[in-house]
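The entries follow in the order I worked.

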Amino acid sequence: MQIILSSNNVKKLQELRAILPAMDIRSCAEFLGKVEILEDGTSFEENACLKASAIYQLLEEKEGDLCVLADDSGICVDALNAMPGIYSARFASMPESAAEIARGCFTIPQVNSNDTQNNLKLLTCLEELDIVQSNASFICVIAVCMRIKGEFRQTTFRGECRGKVLKAPLNPQAFGYDPLFIPEGYTLTMDRLPEKNAISHRFLALQQFKDFLNCVKSPHLRL
């Protein structure tokens, strides 16, 4: 079955393909061009479902089985009261201080920032709080809208990777906040771990998706 990712993020597509190499995963851009979806949910689950549902509706007339997958993910830093959370991709566009953000006193950001800008914002927050590190979690929620053998199914899967964020050199080739995050049980940041795609929040959520897909497919098609 072809899996259509509800995202234009090239790095995210690469990670999904690396984690699930046996699956045919395509970007929705291949079918629809660049699509912008308003992510105005209040949780990772809500935003993931919004993205999956929007692309599914646009492709609903496509013949045969159809599976649209959406990933909403981010980093939740304990010292910032679980922020930036669902605003991880837009964190750098928050003008508020670390203390204000931790208190929930901020305007919801509307503009995405690049990975380097977001990492610098997080480093600035650690400096403002006068700390060198904080416990944190990477969260990934996978939402799926699919039609298989004429039956519609919709569900979500959640993965969490605990660890800590700390001041570290930035890596412009890395994905997201990986250069600042060390998973529990490790001493290297996520971007430097060869086994990243076997321990990450995204891996944990996608394994649940894979198990689900195997349950709804014929036994001889198990992945």
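Which residues are linked in a network of salt bridges? I looked them up and found Lys12, Glu15, Asp71, Asp178, Lys196 and Arg202. I note here that the model is a predicted one.

**Entry 1. Salt bridges**

I searched the whole structure and got 14 salt bridges. I wrote up three of them.

I took Lys11 and Asp115 to begin with; their closest N and O atoms are 3.6 Å apart. Lys11 belongs to helix α1 (residues 10-19) and Asp115 to helix α5, so this pair ties together parts that are 104 residues apart in sequence. Lys11 has 28% relative accessibility and counts as partly exposed. Asp115, at 24%, counts as partly exposed too.

I then turned to a member pair of the network. Asp71 forms a salt bridge with Lys12, and the closest N and O atoms are 3.2 Å apart. Asp71 is in strand β3 (residues 66-77) while Lys12 is in helix α1, so the bridge ties together parts 59 residues apart in sequence. Buried or exposed? I found Asp71 buried, and Lys12 as well.

**Entry 2. Aromatic rings**

How many aromatic pairs does a search of the whole structure find? I got 5. I recorded two of them in detail.

Tyr87 and Phe106 make an edge-to-face pair, with 5.9 Å centre to centre and 75 degrees between the planes. I read a relative accessible area of 12% for Tyr87, which is buried. Phe106 has 21% and is partly exposed.

Phe157 and Phe212 gave me a tilted pair, 5.5 Å centre to centre with 50 degrees between the planes. I placed Phe157 in strand β6 (residues 151-166) and Phe212 in helix α6 (residues 201-216), so the pair links distant parts of the chain, 55 residues apart. Phe157 is buried, with a relative accessible area of 8%. Phe212 counts as buried at 17% relative accessibility. I also noted that ring pairs link Phe157 and Phe212 with Phe209 into a cluster.

I looked for a charge over a ring and noted Lys121. Its charged end sits over the ring of Phe91, 6.0 Å from the ring centre.

**Entry 3. Pockets**

I read a volume of about 1200 Å³ for the largest pocket. I counted 43 lining residues, of which Asn9, Lys12, Glu39, Ala89 and Asn112 lie nearest the centre. By class, I have 13 nonpolar, 15 polar and 15 charged residues in the lining.

The second largest pocket holds about 190 Å³ of space. I listed its lining as Lys11, Gln14, Glu15, Asn171, Gln173, Ala174, Phe175, Asp178, Met190, Asp191, Leu193 and Lys196. I sorted these into 4 nonpolar, 3 polar and 5 charged residues.

I searched the whole structure for cavities of 30 Å³ or more and found 1. The largest cavity has a volume of about 40 Å³. Which residues line the largest cavity? I found Asp115, Thr116, Asn119, Leu170, Asn171, Pro172, Ala174, Gly176 and Pro179. By class, I noted 4 nonpolar, 4 polar and 1 charged.

I compared this list with my other entries.

Technical notes:
Residues are numbered from 1 along each chain as its sequence is written. This is a predicted model: local features need pLDDT of at least 70, side-chain atom pairs count only at pLDDT 80 or more; totals for chains, interfaces and linings use all residues. Side-chain values use heavy atoms; hydrogens and water are left out. On a 1 Å grid over the protein atoms alone, a cavity is a set of points where a 1.4 Å probe fits but cannot get out, and a pocket is an open set with protein on both sides within 12 Å along at least five of seven lines; lining residues have an atom within 4 Å of a point. Grid points are joined across faces, edges and corners, and a volume is the space filled by probe spheres set on the points. Ala, Val, Leu, Ile, Met, Phe, Trp, Tyr, Cys and Pro count as nonpolar, Asp, Glu, Lys and Arg as charged, and the others, Gly among them, as polar. Rings of Phe, Tyr and Trp (its six-membered ring) pair if their centres lie within 6.5 Å; planes under 30 degrees apart count as stacked, over 60 as edge-to-face and the rest as tilted. Buried means under 20% relative accessible area, exposed over 50%, partly exposed in between (1.4 Å probe, protein chains only). Helices (H or I, at least four residues) and strands (E, at least two) are DSSP runs, numbered from the N terminus. A charge sits over a ring if NZ of Lys or CZ of Arg is within 6 Å of the ring centre and within 35 degrees of the ring normal. A salt bridge is a side-chain nitrogen of Lys or Arg within 4 Å of a carboxyl oxygen of Asp or Glu.
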